[in-house]
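Subject: A structure for you to explore

Hi there,

Here is the structure I promised to pass on. Please open it beside this email and follow along as you read.

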Amino acid sequence: MPAPRILILGATGGLGRALHRHFAVNFETITWGRADLDFERPDSIAAKLASQKFDVLLNAAGMTSPDVCEIEPERALLANVVAPQILAECCQARGARMIHFSTDYVFGAEARDLWFETDETVPVNVYGRTKLAGEQAVLKASPGALVARVSWLFGPHKPSHPDNIIQRALQTDDLSAVADKISVPTSNADICGWIEQLIVRHPTTCGVLHLCNSGVASWHSWAEAALTIAARLEVPVKTTTVQPIELACLTQLKAPRPLMTVMSNAKLQSLLGGEIRNWYDALEEYLVQKYQPQ
Ligand SMILES: NC(=O)c1ccc[n+]([C@@H]2O[C@H](COP(=O)([O-])OP(=O)(O)OC[C@H]3O[C@@H](n4cnc5c(N)ncnc54)[C@H](OP(=O)(O)O)[C@@H]3O)[C@@H](O)[C@H]2O)c1
């Protein structure tokens, strides 16, 4: 059987770029950014999709900043709910599979150590509410779609928390990070590998699936881990110690943030049949590639 043709949306974003780089090696890929398909122009979506052949649609596009979503909820609704629903309707009509990325921020109103796919979702901000509504709209329009919830992404295509803290530590030893907000840092590269397996080996898996590395972290422990690895790689950081602060100290945030959004990856693990590596190991691999490329 020929390899499926893969259409990647959000191709200018961190995950979208990683997906493109990964799938371009062995698959025919088509990559669209906002310039190719603007989710805030929903009337254009069906015709644009109809003009393109594809078998699998990976939707990594959306309004991803909680603070922007909070102050622009109508735009968030278009990007995170209306457009994904139309995409799902188009996929359903042509028999294509849609894999739609969502977030751990669908949880959080309640403090709980671990969240499973079957748990009730109660988001605390506009971003989480629109992403949840997007999940529901996609699965209603295309019951064979897969909603892949991911958390705290990192990787080479867009600076994230570890990159930012290392950059700051090159300038100063006066660093702080939130210690009472807990989730699972997750490697974009690992997500690409899981998605490939889900496409090739599990073409009928549908519904909600948590895609995250193993282990848990706070923004604080994630920051100290990144600095410790960087120091070992002889990156001239001024410190590996970060002052722990509470989320409540970040008064500049426009959107409330959930505190406890650790997702279980047990379903992913049993589906793929192997250990999902710890976020620390994935972070170490990423930083070695970044600072000691072969
Ligand atoms: N990053 C994380 O830590 C994290 C955590 C949990 C879940 N997620 C989810 O993972 C997915 C990918 O996240 P990411 O971090 O890779 O996102 P990202 O870097 O912010 O990229 C978002 C992509 O969506 C595009 N986009 C935004 N508004 C659009 C619009 N109106 N029309 C068309 N395209 C639009 C962006 O295009 P422009 O470049 O033109 O803006 C960009 O290509 C998202 O579903 C996100 O909710 C991410």
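Below is what I found, going from the whole chain to single residues.

First, two notes on how to read it. This is a predicted model, in which local features need pLDDT of at least 70 and side-chain atom pairs count only at pLDDT 80 or more, while totals for chains, interfaces and linings use all residues. Residues are numbered from 1 along each chain as its sequence is written.

**The whole protein**

The protein has 10 helices and 12 strands; these are DSSP runs numbered from the N terminus, with helices (H or I) of at least four residues and strands (E) of at least two. Its radius of gyration is 19 Å, close to the 19 Å from the globule rule for 294 residues, so the protein is as compact as a globular protein of that length. That radius is taken over C-alpha atoms, and the rule is 2.2 Å times the number of residues to the power 0.38. Along the principal axes, the C-alpha trace spans about 55 × 40 × 35 Å.

How much of the protein is buried? Buried residues make up 46% of the 294. A residue is buried if 20 or more other C-beta atoms (placed from the backbone) lie within 10 Å of its own, exposed if 12 or fewer, and partly exposed in between.

In soluble globular proteins, nonpolar side chains tend to be buried together. Here the largest nonpolar core has 86 residues, and Leu58 and Ala226 have the most contacts inside it. Helix H4 gives the most to this core, with 9 residues. Such a core is a set of buried Ala, Val, Leu, Ile, Met, Phe, Trp, Tyr and Cys residues joined through C-beta atoms within 7 Å.

Leaving aside neighbours within four places in sequence, Leu58 is in contact with Ile6, Ile8, Leu9, Leu19, Ile99 and Ile195. Being in contact means that the C-beta atoms, placed from the backbone, lie within 7 Å.

Ala83 sits in helix H4, and it counts as buried because it has 26 C-beta neighbours inside 10 Å. Its C-alpha atom is separated by 11 Å from that of Glu135, 52 residues apart along the chain.

Helix H5 (residues 126-141) has 16 residues and reaches 22 Å from first C-alpha to last, close to the 22 Å expected. The expected span is 1.5 Å times one less than the number of residues. Among the buried residues of H5 are Tyr127, Leu132 and Val138. The buried residues of H5 pack against helices H3 and H4 and strands E4, E5 and E10.

Helix H7 (residues 188-200) has 13 residues and reaches 18 Å, close to the 18 Å expected. Its buried residues include Ile191, Trp194, Ile195 and Leu198.

**Around the ligand**

Which residues come nearest to the ligand? Of the 27 around it, they are Gly13, Leu15, Arg34, Phe39 and Thr103. The largest share of this shell, 3 residues, comes from helix H1.

**Two loop residues**

Trp152 lies in the loop between E5 and E6 and is buried, with 21 other C-beta atoms within 10 Å. Glu234 is in the loop between H8 and E12 and counts as exposed, with 9 C-beta neighbours inside 10 Å.

Enjoy exploring!

Technical notes. Contact = placed C-beta atoms within 7 Å. Near = placed C-beta within 6 Å.
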